Amino acid sequence: MAASERVRFVEGGAGRLRVSEGGEGGVPVVLVHGLASELETWRPVLDRLRGSRRVIAYDQRGHGQSEAAGEYGIAALADDLGRVVEQLGGPQFWLVGHSFSGTVLSDFAAKHPEKVAGLVYVEAVGDVSRSAPEMKEYFREHDAGMTPERLQAAYGEMLGPKARPATRSAVLASVARMDLKAFATLRGEMGEFDGLSAARKYRGPRFAIEADGEDNPFRASHLPGTKRMAIPGVSHWLMLDDPEATARALEEVLR
């Protein structure tokens, strides 16, 4: 943890949220982690970005050291994001979201476009709502009755061959710390979230930083008006596999 970092807990919509803040200068940047992750996933990039700007990261409800909640949903997580950014005090901020949290960014920006200086989707979801019904049903069946052991196995498979050993260890550790009740609910909502309609309500800058390789139509880079940047040789958790390249890409966008 950097000496300039300030860690505190703020009240979210359903419990306390752990927030990390540090750095000075520029338009503030808020980093939002993905499903079954936590703010520490951003750590290698966080410390690099804070050399030139103010950066905030936090644990979403039911993740990391934030409190579990009775309710989970994309709208609820977007409301928590709003409560975190209320602490910033500035008129606008950049939002950077990983994986599932592409939906949280899109939902928040659609509701509060005047507060968002720009969006950066990092290996993030754009719109899954138009996927085949058979695909959605498969995931509903797969996620029903999820256990810690099955979730570890699922993420172990998602990590794939490109993930570094340290990345694999960090990701599986964060998976073990999440509130298991959140997983099926949030992934189910992800499948129904109309990201394309949400994207049309926010007309500001939109970027996608993604792992180079096989593409799929559900990535955020397919949202209208999104400029794509690719990083080679990394897994879905590119900020852990190659923090230097990820930080450079973010800095380029933020400039």
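**Exercise 1. Which residue in β4 does V32 stand opposite?**

Solution. The model is a predicted one, in which local features need pLDDT of at least 70 and side-chain atom pairs count only at pLDDT 80 or more, while totals for chains, interfaces and linings use all residues. Residues are numbered from 1 along each chain as its sequence is written, and side-chain values use heavy atoms, with hydrogens and water left out.

Step 1. Locate the elements. Helices (H or I, at least four residues) and strands (E, at least two) are DSSP runs, numbered from the N terminus. Strand β4 covers residues 55-58.

Step 2. Two strands pair if DSSP finds at least two bridges between them. β3 and β4 pair in the parallel sense over 4 bridges.

Step 3. Read off the partner. V32 stands opposite Y58 in β4. The chain crosses from β3 to β4 through helix α1 (residues 43-49), and this β-α-β crossover is right-handed (with the strands pointing away from the viewer, the path from the first strand over the helix to the second runs clockwise).

Step 4. Consider the other neighbour. β3 also pairs with β5 in the parallel sense over 4 bridges, and there the bridge partner of V32 is G97.

**Exercise 2. Determine the strand order of the open sheet and identify its edge strands.**

Solution. 

Step 1. The sheet has 8 strands in the order β1-β2-β4-β3-β5-β6-β7-β8, and the pairing is mixed. Strands of a sheet pair through backbone hydrogen bonds, either parallel or antiparallel.

Step 2. For the sheet just described, the edge strands are β1 (6-12) and β8 (227-231), each of which pairs on one side only. From one strand to the next, the twist averages 25 degrees.

Step 3. An antiparallel example is given by β1 and strand β2 (residues 15-22), joined by 7 bridges. G12 has G15 in β2 as its bridge partner.

Step 4. Helix α3 (residues 102-111) packs on the sheet and touches β3 (29-32), β5 and β6 (116-122). The direction of α3 makes about 160 degrees with that of β6 (axes are lines fitted to C-alpha atoms, for helices over the stretch in contact, and angles run from 0 to 180 degrees between N-to-C directions).

**Exercise 3. Describe the surroundings of H98.**

Solution. 

Step 1. H98 lies in strand β5 (residues 93-98). With a relative accessible area of 2%, H98 is buried (buried means under 20% relative accessible area, exposed over 50%, partly exposed in between, with a 1.4 Å probe and protein chains only).

Step 2. Leaving aside neighbours within four places in sequence, the residues in contact with H98 include V32, W42, E123, H236 and W237 (contact means heavy atoms within 4.5 Å).

Step 3. A polar atom of the H98 side chain lies 3.0 Å from the backbone oxygen of H236.

**Exercise 4. Which residues of α5 are buried, and which helices do they pack against?**

Solution. 

Step 1. Helix α5 (residues 148-159) has 12 residues and reaches 16 Å from its first C-alpha to its last, close to the 16 Å expected at 1.5 Å a residue. The expected span is 1.5 Å times one less than the number of residues.

Step 2. The buried residues are L151, A154, Y155, G156 and L159. They pack against α4 (133-143), α6 (165-177) and α7 (180-192).

Step 3. Take L159 as a case: its relative accessible area is 2%. Not counting residues up to four places away in sequence, L159 touches T167, R168, V171, L172, S235 and W237. L159 and H236 are 77 residues apart in sequence, yet 6.9 Å apart in space, C-alpha to C-alpha.

Step 4. Just after α5, G160 takes a positive phi of about 70 degrees.

**Exercise 5. Examine the positive phi values of A36 and E123.**

Solution. 

Step 1. Most residues other than glycine have a negative phi.

Step 2. A36 has a positive phi of about 65 degrees although it is not a glycine. This residue is placed in the loop between β3 and α1, and A36 is buried at a relative accessible area of 2%.

Step 3. For E123, phi is near 50 degrees, likewise positive in a residue other than glycine. E123 is found in the loop between β6 and α4 and counts as buried at 9% relative accessibility.

Technical notes:
A polar contact is a pair of N or O atoms within 3.5 Å; within protein, one must be able to donate a hydrogen and the other to accept it, and residues adjacent in sequence count only if both atoms are side-chain atoms.
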